[in-house]
Amino acid sequence: FLWNYEEAFRSLGPSFECFTIPYWDWETASNNDLFLTSILNSNDFGSINNSTDTPACLSDGFYYNWRTPSGSCITRVFNPSISIPSEALMASILGIDTYGRTSTTFRVRIESIPHASIHNYLGGTMSTAASPYD
């Protein structure tokens with residue numbers, strides 16, 4: 001889907017030929033700190049604040065100085081108590097063929113397990129309603 005979306009933009013002409021959407025394959029990370037620091041660092045998406053349990057404004061990276069509409073800075077604080085879903089768990093969720101609102105349906109499982117887990121794993125702004133700005 002993302003590749004098709006990027007290609008649609010690129011087809012708009014030379015001004016868009018390098019258009020890309022940042023993407024993190026969080027499933028590959030699966031609690032791998034080395035992978036996490038390979039993208040969440042001062043050269044890329046900004047370092048994660050591991051020195052405190054209190055989210056702090058990013059001090060480096062691409063999102064340094066970005067603000068939410070309310071004027072708040074982008075914050076992160078890694079929450080190691082949250083697990084990134086494994087490939088096996090994702091495969092079991094993707095195998096659910098019922099879409100609905102009960103706890104055993106695809107919609108609830110995909111939103112509550114992998115989707116919410118990643119937001120809470122990164123913490124800070126990403127764990128709030130302002131997450132689209134991070």
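Buried means under 20% relative accessible area, exposed means over 50%, and partly exposed is the range in between, with a 1.4 Å probe and protein chains only. Tyrosine 63, at 11% relative accessibility, therefore counts as buried.

This is a predicted model, in which local features need pLDDT of at least 70 and side-chain atom pairs count only at pLDDT 80 or more, while totals for chains, interfaces and linings use all residues. Residues are numbered from 1 along each chain as its sequence is written, and side-chain values use heavy atoms, with hydrogens and water left out.

## Overall make-up

The chain contains five helices and two strands, where helices (H or I, at least four residues) and strands (E, at least two) are DSSP runs numbered from the N terminus. Along the sequence these elements give the pattern α-α-α-β-β-α-α.

Of the chain's 134 residues, 30% count as buried. Among contacts (heavy atoms within 4.5 Å) between residues at least 6 apart in sequence, 45% join residues at least 24 apart.

## The disulfide

Searching the whole structure gives one disulfide, defined as a pair of cysteine sulfur atoms within 2.5 Å. Its partners are cysteine 57 and cysteine 73, with an S to S distance of 1.8 Å. The pair links distant parts of the chain, 16 residues apart: cysteine 57 belongs to strand 1 (residues 56-57), and cysteine 73 to the loop between strand 1 and strand 2 (75-76). The angle about the S-S bond is -75°, and the link of cysteine 57 and cysteine 73 is left-handed.

Cysteine 18, at 67% relative accessibility, counts as exposed.

## Aromatic pairs

Rings of Phe, Tyr and Trp (its six-membered ring) pair if their centres lie within 6.5 Å; planes under 30 degrees apart count as stacked, over 60 as edge-to-face and the rest as tilted. The count by this rule is six aromatic pairs. One of them is the stacked pair of phenylalanine 9 and phenylalanine 19, at 4.2 Å centre to centre and 15° between the planes. Phenylalanine 9 lies in helix 1 (residues 2-10) and phenylalanine 19 in the loop between helix 1 and helix 2 (26-29), so the pair links distant parts of the chain, 10 residues apart. Phenylalanine 9 at 26% and phenylalanine 19 at 24% relative accessibility each count as partly exposed.

Tyrosine 63 and tryptophan 66 have ring centres 4.6 Å apart and planes at 80°, so this pair is edge-to-face. Tryptophan 66 counts as partly exposed because its relative accessibility is 38%. Tyr5, Phe9, Phe16 and Phe19 form one aromatic cluster.

## Helix 5

Helix 5 (residues 106-122) has 17 residues and should span 24 Å at 1.5 Å a residue; its end C-alpha atoms are 23 Å apart, which agrees. The expected span is 1.5 Å times one less than the number of residues. At alanine 116 the helix bends by about 35°, the bend being the angle between axes fitted to the seven residues ending there and the seven starting there.

Which residues of helix 5 are buried? They are Ile113, Pro114, Ser117, Ile118, His119, Tyr121 and Leu122. Glycine 123, with a positive phi near 65°, follows helix 5.
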